Amino acid sequence: MSKNAETLAAQIKELAGDAPVQIGLILGSGLGHIADTVDGVAIPYDALPGFPHAGVSGHNPNLVIGTLEGVRVAVFGGRAHYYESGRGDAMRLPLEVLKALGADQVIATNAAGSLRADMPTGSIMCLTDHINFSGLNPLIGEKSDARFVSMHNAYDADLREALKQAALASDVDMHEGIYTWYSGPSFETPAEIRAIRMLGSDAVGMSTVPEVILARFLGLRTAAISTITNMAEGLGTEAISHEHTKNMAPLGASKLEKVLRRYLRVNF
Ligand code: HPA
C-alpha cells in the first residue's frame, strides 16, 4: 500500500467518518447516477491529490462514501481509462485507497458492445472472465514479485453466484460471458470484432480489465457487470458512438441497479 493511499484514506475518513467501507463500486459510462442515491459524502476527485481527473463525459467524477441498502460503500462515480492518459495503472491509487478504507471486494461496471445476438442493447452481462487484447498491463513497472499475480478466479465465483441469485430474485435476466478489452478510444473495426468472436468473446469494451488486474494484485475480490449499449461493430445496424453509449446505458442501468441493490441487501 502506498503512503499516498494511506494519507488519502485518512483525509477521506475525516470527511466521511471512519466506519470501515465494506465494498467498492466502480461506475461505468452513463451509470454515474447510482452515486447520487448513496446516503453519504461526495468528495470530488479534484480534492483527492493523485486521483484521476475522470474527464470522460457521462462519468461522475466523485468518490461517494456512505450507505447504500444498509451497506457501507465507496462508489467511484467515474473511472480513468488507459486511453485518457496512456497510463494503464491510472486506477491504482483509487483501488489502494479503497483497500485502505477497509473494503475487501469491488464490483466494476461498464458499458460494452455485444457480440451475441441473444444479448441485445439493454441487456446486462456478468463477466466470467476476460481477454486482454490491448497488449497492456497495469502492473508493468511494478518491482515486487507480487506483480506475477494469478488470474485464476479473477471474477470471483462466489461473488458471481451471489450476483446471479440477486438477478434471479429481482426478475432480471442477467447473461454471463467473456469481456474483451481493446484500449480505445477508437471503436473496434468489424475485422477486430470478428477476430475476438472467434476467440470466444461475448462483449467488448475499453475498461475494467486493468482495474480487475490491479484489484487482484491488491488482494481485493472482484466481480464486474456490463450494460450492453450496442451490438459490436459489424454485428448490428446502430451507428456506434460515445453519444449512443451514453443514450443507451440507462436501458441496462436500471437492471444493473436492481441487481446491485439486492446483492447489497442480502450479502452483508
Ligand atoms: N466497443 C468498445 N467499447 C464500448 C462499446 C463497443 O462497442 N460499446 C460501449 N463501450
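**Aromatic rings**

I looked for ring clusters and found that Y45, F51 and F76 form one aromatic cluster. I worked on a predicted model, in which local features need pLDDT of at least 70, side-chain atom pairs count only at pLDDT 80 or more, and totals for chains, interfaces and linings use all residues. Residues are numbered from 1 along each chain as its sequence is written, and side-chain values use heavy atoms, with hydrogens and water left out.

I paired rings of Phe, Tyr and Trp (its six-membered ring) if their centres lie within 6.5 Å, with planes under 30 degrees apart as stacked, over 60 as edge-to-face and the rest as tilted. By this rule I have five aromatic pairs. F133 and Y182 have ring centres 5.3 Å apart and planes at 75°, so I logged the pair as edge-to-face. The pair links distant parts of the chain, 49 residues apart: F133 sits in the loop between strand 6 (124-132) and helix 4 (157-169), and Y182 in the loop between strand 7 (174-181) and helix 5 (190-198). Helices (H or I, at least four residues) and strands (E, at least two) are DSSP runs, numbered from the N terminus.

For burial I took under 20% relative accessible area as buried, over 50% as exposed and in between as partly exposed (1.4 Å probe, protein chains only). F133 is partly exposed at 34%, whereas Y182 is buried at 11%. Y263 and F268 also pair edge-to-face, because their planes are at 85°, with centres 6.1 Å apart. Y263 is buried at 2%, and F268 is partly exposed at 39%.

**Nonpolar cores**

I defined a core as a set of buried Ala, Val, Leu, Ile, Met, Phe, Trp, Tyr and Cys residues joined through side-chain atoms within 4.5 Å. The largest has 47 residues, of which F51, L63, L95 and L98 touch the most other members. Helix 6 (residues 209-217) gives the most to this core, with six residues. A second, separate core of 30 residues includes L31, V64, V71 and A223.

**Helix 4 against helix 7**

I noted that the axes of helix 4 and helix 7 (residues 242-267) come within 8 Å and cross at roughly 115°. Axes are lines fitted to C-alpha atoms, for helices over the stretch in contact, and angles run from 0 to 180 degrees between N-to-C directions. I checked which residues meet, with contact meaning heavy atoms within 4.5 Å. On the helix 4 side they include L159, A162 and L163, and on the helix 7 side V259, R262, Y263 and N267.
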